Amino acid sequence: MQRPKSYRQRTGIDLKRLFKRSAKPVFVLGVGAQKSGTTWLHRVLQSQAYSDFGCMKEYHVWDAKFSDLCKNFVAPPTKARESKQALRRSMQTEDGAYGAYFRSLITETTNMTGDITPSYSILGASEFKVIRSAIEDAGFEVKVIFLMRDPVDRLWSSSRMKRRNQERLGIKIDETQLIREFEEFAKSPEQIKRTRYDKTITALEHVFDGSELHYELYENLFNHQSLGKIAGFLDRDIVDVDFRKRVNASAPLDLPSEFKAMLHEHYAEVYDFCGKRFPLTKSLWKVA
């Protein structure tokens, strides 16, 4: 049996030599949005030979620390030092633990790590300043990625994911009930915060400059062109990607048109902002 080719054989890149030229390892801070392709992107980046994103995709450190809407992510005290909950708690409560953990993942041939937690999108500029300092103090170059999806489609997908998670616990919710409860879900404080891309972008741009920020649209994510832009942003080749496989996708179910029109109006500020900043959304994010 022929042995699989090494990363160097496939790409022509010697990782050790590449990283000797790099001043700092890269830390990818993924800040959302929920149901916008973050799990797929994490798997792609984690699969690269030069990456180690650690034991979790979503560490839920800064959202739990700074937002009352995310207090459910506060890790309880635990005696199991090696558990993920123990790691999360130390990051949430001990100064320097967050950066120290990710720094421990960096080796001679591992030069990229990160934390992709969609609910970081609800944070403000003052919180992002703290996050930036924690990452840079650990010796990293910070690269922020924010993925966005049509707001109503994102909310509908999130609502269906919630139903799927409840069904795993034995709680049955039929389609009629799901649709009936959707308006309340879509207008809840947490979901409004997760969907106000305009506020997230404004907060990020108060803290990070253009070379440290990358925006991408879910509807246009799964192709070589968009992934090439991400690779260029990270200054890393990204290889062996399966664009056909979606991760964590909810079962399809059409949303009645009256809900879509009503919520499109409710989130008009987001649509207007993104239409000006990202003109492609005018054609990709349509009411009908």
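The dialogue below treats nonpolar cores and aromatic rings in a predicted model.

Visitor: On what basis are the values given?

Guide: The model is predicted, so local features need pLDDT of at least 70 and side-chain atom pairs count only at pLDDT 80 or more, while totals for chains, interfaces and linings use all residues. Residues are numbered from 1 along each chain as its sequence is written, and side-chain values use heavy atoms, with hydrogens and water left out.

Visitor: Which residues have the most contacts inside the largest nonpolar core?

Guide: A nonpolar core is a set of buried Ala, Val, Leu, Ile, Met, Phe, Trp, Tyr and Cys residues joined through side-chain atoms within 4.5 Å; buried means under 20% relative accessible area, with a 1.4 Å probe and protein chains only. Here the largest such core has 53 residues, and L29, Y98 and M148 have the most contacts inside it. Another core, of 21 residues, lies apart from it and includes L41 and I230.

Visitor: How many aromatic pairs does the structure hold?

Guide: Rings of Phe, Tyr and Trp (its six-membered ring) pair if their centres lie within 6.5 Å, and planes over 60 degrees apart count as edge-to-face. The structure holds 20 aromatic pairs. One of them, W40 with F222, is edge-to-face at 4.8 Å centre to centre and 75° between the planes. W62 and Y98 also form an edge-to-face pair, at 5.0 Å and 70°.

Visitor: Why does W62 count as buried?

Guide: W62 counts as buried because its relative accessibility is 6%. Y98 is likewise buried, with a relative accessible area of 2%.

How values were computed
Buried < 20%, exposed > 50% of the residue type's maximum accessible area, 1.4 Å probe, protein only. Phe/Tyr/Trp six-rings, centres within 6.5 Å; stacked < 30°, edge-to-face > 60°.
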